Every structure is written in C-alpha cells, then in structure tokens.
Amino acid sequence: MEVKFTVSGPAIGGAKSGINFDPSDPRKKGVLERWYRAVSPLLKSYYGTGGDLNVDEIHEVIPITEESGVWHPQEGVFNGHFKPTEADKINRIGQLRQGVIKVIENPNFSPNVSRKYTIADMITGFGVAEAVKQYYAIYGGSVVGKKAIVQGFGNVGSAAAFYLSQMGAKVVGIIDREGGLIKEDGFSFEEITDLFLNKDGNTLVSDKLIPFEEINEKIWSLETQIFAPCAASRLITQDQIDQMINTGLEVISCGANVPFADKEIFFGSIMEHTDNRVSLIPDFISNCGMARVFAYFMERKVQMTDEAIFNDTSEIIKKAIQNVHSKNQSKTGISATAFEIALSQLI
C-alpha cells in the first residue's frame, strides 16, 4: 500500500489488515462489527480502510464503521496526515461520503444507469482497463481488436471486462471460481454487458458455464494479447504465463494485488520471469483506482461529476506509465522500473 500511494497519493505510508474467516459464514456481519469496533480508535486517529476481497465498501465498511462512531473509513488519514481544522475536516469528509457512494449517471461509465452502480463499484476495474489503454497509447499500438482473458468476475474483473470490451478489445475467455466461458472470436460488448448485469454478487453466471477444472486446462492456451488477473492474490503460475506468452501475450494489467504464485511479497521469481518476457503493469499502478478516488476527494474542493472522477483516475494512471516510459522505453522490465521509481520516493 505504501508503494501504491506513491502513485495515487497521498503519501501516508501503508498497511493491510485482514480477517481469517469464511466470507460465506452467516456470522460474517458480527465478525466485521466487532473488528471495526476494536480498531475504531485507529480509524479515528491515523489509519484508513476500505472495501477489498469479500468485504464491500458501500454495504459493509461504511455503515459498520459509522456505527462505531467513525465519520468515514478514511477519517484517520485526515487526522493523522492532513491535521485539518474541524471545518476543513467536515468539508472533505463530506466529499468522501458523497463521492465514494455516488451513483454513476453517465452511461459511458455504467453498464446500466437504472441499476445505480456507484463509483466504488466500478472504479478499480476501470483503472485496470485504462492501464491497458494508456499502455498502448504510450508504448505503441491500440487496444482495439486485441484479444483479452479476464481472471475473476467480481467487482474488479467484471468491470475490467466491461471497460475493455467498451474500448474495443475482444474478451475471449473469463475464468472464475466456479467455472468460466470461452469464445475464441470474442464476446460482443452487449454479451459482456449482459454477463456483468447477470452475475450473482461476485460470481459469473451463465447457462454455458464450463466447469472450473475444464476451463483451467483450456483457457491459458487461447490466443490472447491482454491478460487481466482480477481474482485473489498468488494464483498465477509460471506455466500459465508461459502458455499465454506462447500464444502472443503482450500486456498484463493486474487487478489483484500480487497475482503471481510467489512466496515473496513484491518481486518473486514468477513475477520477474513475466516482467522480463512481456509488458507487466504492476498492481500499484493498474488497480490504484479506489485509492486514487480517496485521494481525489481528500483535496479541498473537487468536481463531483462522473467525468471528473473517472478522468482523474485515468490521468493518474497515464502519468505513472509515462514516468516508467521516460526511464525505460522497452516493453519489458516495466514493473522493475515502476518499483525503482516508487522505492526511490520512499527511501
């Protein structure tokens, strides 16, 4: 997270907290309530939190932290980093409260405006797709017509598939926990939109679903130029990467944090191998959307339109990739260069 904040801002350091508990257990809400109650002194003073894997920003984090007396899950960031006046804090937390749960009204950013998708629902997946678009714009080429595989169809993966398809990419394969889908000539934008609208929570739903064991054997050998790993951490093996490289893989945009099956936190052997073979956009650039939204709304007074919010994330990702390109024009070693830039800011 500290590395991610060098891209998204603000420079607040970084931490991760997690709960080792089955998210499908009916006692989940009580566990979250006790957890947020226990850490509420930190959330009031110097720590910020948000939604993540199996924890929803809008329906769980915000209402449960409010019950514990926290104005907003990012309140501690204000107090610990910005040290605002009370009036300034009220103003900016008001922006955060309104902005993160803002319902998207612009049909360019929403699969269906009548379904009332929020900024928090869509922004991370948007960033994953936008990183691919900016990569081609900066390093040469176009996303239009490129074939893509998406791993995971939760908030991040489904939104990434939606925006990639909207940009003109052809999603040829989707793999999720229970199974997946393959269409070698690419799903249409309308088909991807329907899959997004028909998902069950964070699960891909289709009467043509291929069982997981079968699709996990087939999907990695599909012809593809774009790969968006958007499921849990540490899933991607070197064999899967090599199979995709052999069919023409060009760029990976990470929706998951640390998607490779390495033991190391940052730069394990599989990630290094991948970075040396294809263009690997690291997670702290490609999935910084939500972190950037928090940072955006912490600024003094910002526009609250869909266009302003999404364009801000786009510009941040574009700038980060341009900074990498200015140091390394090669299409390999992108992640190594990005880490070098980030770590030089932290040392």
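**View 1. Strand 2 and strand 3 make a hairpin with three residues between them.** This is a predicted model, where local features need pLDDT of at least 70, side-chain atom pairs count only at pLDDT 80 or more, and totals for chains, interfaces and linings use all residues. Residues are numbered from 1 along each chain as its sequence is written, and side-chain values use heavy atoms, with hydrogens and water left out. Strand 2 covers residues 170-175, strand 3 covers residues 179-182, and the two run antiparallel, joined by three bridges. Look for Ile174: its bridge partner in strand 3 is Leu181. (Strands are DSSP runs of E, at least two residues, numbered from the N terminus; two of them pair if DSSP finds at least two bridges between them.)

**View 2. Strand 3 also runs antiparallel to strand 4.** Which residue of strand 4 is the bridge partner of Gly180? That's Ile210.

**View 3. Zooming out, the protein has 15 helices and seven strands.** Helices are DSSP runs too (H or I, at least four residues). The radius of gyration, taken over C-alpha atoms, is 19 Å, close to the 20 Å that the globule rule gives for 347 residues, so the protein is as compact as a globular protein of that length. That rule is 2.2 Å times the number of residues to the power 0.38.

**View 4. Buried residues make up 54% of the 347 residues.** Buried means under 20% relative accessible area, with a 1.4 Å probe and protein chains only.

Methods. Buried means under 20% relative accessible area, exposed over 50%, partly exposed in between (1.4 Å probe, protein chains only).
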